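Subject: Structure handover

Hello,

Here is the structure for you to look through. Please open it first, then read my notes below.

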Protein chains: 2
Amino acid sequence: MKYNETHKGYMEAAFKEAQKGIFSAAPNPSVGCVIVKDGNIIARGFHARHGTDHAEIVALKKAGDKAEGGYCYVTLEPCNHYGKTGPCTKALIASKVKAVIAAIGDPNPNVEGEGARCLRKAGIDVLLDVETSYAEKFYKSYLFKVRNNRPLVKIKIGMSLDARSSMMSGESKWITNHESREDVQFLRAESCVILTGVGTVLKDDPSLNVRHPGIQMKGRQPRRVVLDSRLSIDKNAKVITDGNNTSLFTCSQNNTLIETFEKMGCEVEVLSSRDNRVDLSSVFHKINKMQVNQVLVEAGSFLTSNILSTTFWDELVLYVAPKIMGKDARSAIEVNSPQYLKQVTELELIDSAFFGQDARLTYKRL
Amino acid sequence: MKYNETHKGYMEAAFKEAQKGIFSAAPNPSVGCVIVKDGNIIARGFHARHGTDHAEIVALKKAGDKAEGGYCYVTLEPCNHYGKTGPCTKALIASKVKAVIAAIGDPNPNVEGEGARCLRKAGIDVLLDVETSYAEKFYKSYLFKVRNNRPLVKIKIGMSLDARSSMMSGESKWITNHESREDVQFLRAESCVILTGVGTVLKDDPSLNVRHPGIQMKGRQPRRVVLDSRLSIDKNAKVITDGNNTSLFTCSQNNTLIETFEKMGCEVEVLSSRDNRVDLSSVFHKINKMQVNQVLVEAGSFLTSNILSTTFWDELVLYVAPKIMGKDARSAIEVNSPQYLKQVTELELIDSAFFGQDARLTYKRL
């Protein structure tokens with residue numbers, strides 16, 4: 001069996017399914033699947049949320065007995081382990097499909113070729129890694145997490161063209177336009193954690209959630225992680241009261257306060273401190289252990305600049321508004337300068353887009 | 001006679017001719033012309049430099065007697081006045097061409113429909129304004145000058161993504177990459193004046209000329225205008241010694257120095273002062289009276305910011321390098337801030353381009 005244009009068409013249909021779960025499946029990969037028999041797609045499925053049936057199971061259940069002798073197109077190598085749901089390989093073998101075609105192998109150590117091997121052992125034809133280039137982009141943060149054992153960390157900055165992000169008064173709403181802010185909703189939706197500082201919460205009281213009618217979250221919301229060294233967050237802050245998940249990362253030892261916030265539904269993590277603030281190494285050490293593929297940093301210039309000064313981040317997403325805020329406005333980026341120009345931090349421009357008059361420039365840390 | 005696809009093809013050929021003089025004809029418009037007879041282009045011409053034959057004359061001379069009964073396609077309405085060369089209308093009438101097709105009317109008060117009227121009066125068919133949309137772009141700075149009675153002023157800034165343009169030490173070479181700096185050569189080439197400050201000359205000793213093998217200047221170089229309040233420029237500076245035109249705009253009354261620089265070939269203009277510096281109103285008042293269609297400001301952050309704070313400029317061309325220079329580096333833009341965000345200067349993003357890892361964002365003053 002060779003991968004050809006016909007196969008490609010069905011794989012596209014499988015990715016179309018996968019697209020449906022792209023914002024809701026995290027931290028699981030958003031997998032899509034179609035079962036084809038006699039040249040017809042007889043069943044489709046996608047993985048909607050962590051803990052629910054995998055795409056293959058959804059499709060096989062729909063196909064029922066008709067799956068026998070069929071072709072299963074799936075966007076990621078089927079799993080062979082008992083996680084929240086049984087192994088897909090077992091279900092595929094039981095369904096007596098003739099062949100399984102997977103866009104890319106799953107580098108997750110629980111799978112890593114075992115899915116394909118197990119199917120082959122049972123006499124099923126398997127084509128693996130047939131659309132790696134597309135799948136690498138589609139599963140970017142999932143693959144990053146599996147390969148690096150830590151999430152992809154994106155830093156978002158909205159600024160004027162003179163790189164300022166708030167007026168002297170602290171006023172910072174809104175520098176970028178409506179379309180840019182809508183785009184940020186997509187950045188949030190593909191993230192598992194939104195990282196911010198207590199200063200931003202106290203100043204702007206943002207909800208940092210996804211509330212875009214075009215984004216299907218199916219109930220999922222990224223977890224807000226607020227760095228709050230002294231637990232000085234307002235108990236009425238939206239991130240505390242809106243019912244979605246929030247973690248407070250603190251170095252406060254005030255157990256009364258800790259218990260108060262825990263009772264209000266927050267997770268409170270007491271981390272080590274550095275210069276009287278939560279130590280960023282501990283923050284990312286903690287986040288790296290969470291089931292999190294992508295972190296979005298949406299913070300003020302102080303925390304943003306502190307993170308930019310470390311190696312804990314991967315991409316910088318700049319939204320540049322066509323405005324000049326002037327020298328009394330606060331710089332969006334305030335990292336330390338080296339002595340010579342040749343020593344400055346160099347990044348790689350990896351993407352650009354435009355939202356009305358705003359430019360979005362995405363850079364990668366080198 | 002109606003403008004059709006055949007006409008369009010010949011007009012494109014005329015613009016191809018015009019393209020040849022695009023950098024050398026300034027401050028004249030770069031005009032191209034083709035003479036067509038029996039479906040063949042029998043002669044082509046373009047205006048190469050101020051003071052030389054206009055495109056129509058070049059083409060008519062080549063065509064000779066064969067022009068009779070032919071069609072003349074020209075990218076701008078033929079002139080009807082005696083300038084450096086005789087009126088083109090006279091030559092066209094004498095050549096006995098049957099028709100003249102001009103892409104756009106010339107709003108120059110010396111022409112302004114008179115060219116077309118004069119030709120029609122002589123019995124020549126005239127089609128005017130047949131490619132206005134393309135011609136508006138092609139003659140952007142020329143048309144701007146004629147309509148507004150002042151040149152189009154572009155400000156160029158090369159900066160890091162945190163909007164810094166020099167290290168604390170003053171080091172600023174090179175923030176942007178080679179491709180961006182090559183692109184700046186094109187910005188210079190389409191300009192008649194490069195405006196800078198003495199600080200930049202003393203610090204970097206730039207030549208501010210066009211030296212790109214792909215740009216046909218045919219001997220023309222934009223005039224450097226250096227704002228030098230106290231005539232403190234180095235006599236060995238490249239802009240003084242390289243043989244190309246330089247004006248020093250000063251408020252110094254030191255006649256010895258003035259004569260020295262004049263003897264070295266510079267034009268020295270003594271202008272009024274404001275806060276012990278050359279007054280920017282006087283600077284632009286002076287420049288507006290010069291035969292100049294486009295001014296490019298290439299200066300340090302002080303002068304750049306001062307000009308940005310006025311209404312004397314039209315477009316801001318930002319080259320953004322993928323670098324973070326840090327808080328000790330000097331901000332590229334340091335205009336005064338208003339109190340509220342809604343009062344900040346808003347611009348219009350009119351163009352974007354990428355040169356390797358650098359982004360070029362062009363904004364228009366609103």
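First, a definition: angles under 35 degrees count as roughly parallel, over 145 as roughly antiparallel, 65 to 115 as roughly perpendicular and the rest as oblique. Axes are lines fitted to C-alpha atoms, for helices over the stretch in contact, and angles run from 0 to 180 degrees between N-to-C directions. Helices (H or I, at least four residues) and strands (E, at least two) are DSSP runs, numbered from the N terminus.

This is a predicted model, where local features need pLDDT of at least 70, side-chain atom pairs count only at pLDDT 80 or more, and totals for chains, interfaces and linings use all residues. Residues are numbered from 1 along each chain as its sequence is written, chains are lettered from A and ligands numbered from 1 in the order in which they are written, and side-chain values use heavy atoms, without hydrogens and water.

**Helices of chain B**

Start with α2 (residues 55-63) and α3 (residues 88-95) of chain B. They pack at an angle of about 25 degrees, and their axes are 9 Å apart. α2(B) and α3(B) are therefore roughly parallel to each other. α2(B) passes α3(B) in a left-handed crossing (the near helix is turned anticlockwise from the far one by less than a right angle; clockwise would be right-handed).

Which residues of α2(B) and α3(B) meet? From α2(B) come B:E56, B:I57 and B:L60; from α3(B) come B:C88, B:A91, B:L92 and B:S95. Contact means heavy atoms within 4.5 Å. By class, this contact of α2(B) with α3(B) has five nonpolar, one polar and one charged residues. Ala, Val, Leu, Ile, Met, Phe, Trp, Tyr, Cys and Pro count as nonpolar, Asp, Glu, Lys and Arg as charged, and the others, Gly among them, as polar.

α3(B) also packs with α4 (residues 114-121) of chain B, at about 25 degrees and with axes 10 Å apart. That makes α3(B) roughly parallel to α4(B). Their crossing is right-handed. B:T89, B:L92 and B:I93 of α3(B) make the contact with B:G115, B:C118 and B:L119 of α4(B).

**Sheets**

Chain B has an open sheet of five strands, ordered β2-β1-β3-β4-β5, with mixed pairing. Two strands pair if DSSP finds at least two bridges between them. β2 (40-46) and β5 (125-128) of chain B are at the edges with a single partner strand each, so one side of each has no neighbour in the sheet. Inside this sheet, β1 (residues 32-37) and β3 (residues 71-74) of chain B run antiparallel, joined by four bridges. B:V34 has B:Y73 as its bridge partner in β3(B). α2(B) packs on the sheet and touches β1, β2 and β3 of chain B.

Another open sheet has ten strands, in the order β11(A)-β10(A)-β9(A)-β8(A)-β14(A)-β6(A)-β15(A)-β19(A)-β18(A)-β16(B). Its edge strands are β11 (267-270) of chain A and β16 (323-324) of chain B. β6 (residues 152-160) and β15 (residues 315-321) of chain A pair in the parallel sense over seven bridges. One of the bridges links A:S160 with A:A321 of β15(A).

**The two chains**

Chain A can be laid on chain B by a turn of 180 degrees and a shift of 0.0 Å along the axis, with an RMSD of 0.0 Å. That is the relation of a two-fold axis. Copies are superposed by least squares on the C-alpha atoms of residues with pLDDT of at least 70 in both. In chain A, A:A163 has the C-alpha nearest the axis, 2.8 Å from it. Of the interface residues of chain A, 98% are also interface residues in chain B, so the copies meet through the same surface.

Best wishes
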